[in-house]
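Please view the sequence and the model together.

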Amino acid sequence: MAYPPDKKSSCYLTIVVPFFNENRNVVGVYNKIKSACEKIDGETEIVFIDDGSVDGTREALKNISDHDGSVTVISFRRNFGQTAALAAGFDHARGEMIISMDGDGQNDPSDIPMMLAKLEEGYDVVNGWRRDRKDSFIMRRLPSILGNFLIRILTGVKIKDFGCTLKAYRKEIIREISLYGEMHRMIPVLAHLMGASIVEVEVKHHARVSGKSKYTNWRALSVILDLVTLKFFSGYFTRPSHFFGLVGLTSIFLGIISFALLLIMKFASGTDMTGNPFLIIGVLFSIVGTQLLMLGLIGEVMVRTYYESQKKPTYIVKEIWKKADV
């Protein structure tokens, strides 16, 4: 099989599913997808991505591909993360319409026909909304609620569930979006910046019956870092001095306030300015924090320039497995 695949050989729908150590869920997810595909008119392909699993997931996926010519398996050399796995699936998709979903069995493929109907109505992106989400409130739902609220406020995209992987796209939209880091949850925002029409629909959600969740508290905190990066690239990439200037002026303003407080303490109570620990702590944290933020954004620019200029993907494929034509 050619790499990347021949984009001229298209089909109606591609379903992209990343897996990472989900051996016990592979067969169940595949069977449900095949059942949903029976209700879809037009040729359908399935692209499974093994994101460096070590529990036998890759072998289970290859076994399915050996018996089903519509299934392609992309296997990574190591774990690159969900964003890179989805990017690989999108790169190899032949479908005019593309569906993404999780491989943990919590998304329901029976929602796929409904989401395709929305694309056929003329929308470019259909976002799934897990209204009745079957996850822990404290560990999963509460951070998600706060993260979704923050994203809506900062981006203006009125979506309730950015973290739902079950989404539908037109090929011409998703192919124009470059994914880095943990940006898969921001795809609707990136599509909105392109002028895409987006609709959100309620989808079913199931409790995890086997396997272990890959969610960590770091992923919740990474939403904030993704938002900073996204805000920079969407609003200030062509005028970075405005962004850096805003941060710089804010830092200077806070410094002026600190010095004013020190003067008040000096004249009101005779506190020694040079020996005041708040002066040292304030200056230290202001300088270090500002430098780290600036270095992070400059690093993002350098990474994107590196990948875009050389057309390098953010993942490394070990092999592509597909049933041989007979």
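## Basis

The model is predicted: local features need pLDDT of at least 70 and side-chain atom pairs pLDDT 80 or more, while totals for chains, interfaces and linings use all residues. Residues are numbered from 1 along each chain as its sequence is written, and side-chain values use heavy atoms, with hydrogens and water left out.

## Cavity

The structure holds one cavity of 30 Å³ or more; a cavity is a set of points on a 1 Å grid over the protein atoms alone where a 1.4 Å probe fits but cannot get out. The volume of the largest cavity, about 50 Å³, is the space filled by probe spheres set on the points, which are joined across faces, edges and corners.

Residues lining the largest cavity include Leu86, Phe162, Lys167, His184 and Arg185, where lining means having an atom within 4 Å of a point.

## Helix α3

Of the 11 residues of helix α3 (residues 82-92), 10 are buried, so this helix is largely enclosed by the rest of the structure. Buried means under 20% relative accessible area, exposed over 50%, and partly exposed in between (1.4 Å probe, protein chains only). Helices (H or I, at least four residues) and strands (E, at least two) are DSSP runs, numbered from the N terminus. Leu86, one of the buried residues of α3, also lines the largest cavity.

Ile145 lies in helix α5 (residues 137-155) and is partly exposed, at 46% relative accessible area.

Asn21 sits in the loop between β1 (11-19) and α1 (26-37). Its phi is near 55°, a positive value in a residue other than glycine. Asn21 is partly exposed, with 21% relative accessibility.

Terms used. On a 1 Å grid over the protein atoms alone, a cavity is a set of points where a 1.4 Å probe fits but cannot get out, and a pocket is an open set with protein on both sides within 12 Å along at least five of seven lines; lining residues have an atom within 4 Å of a point.
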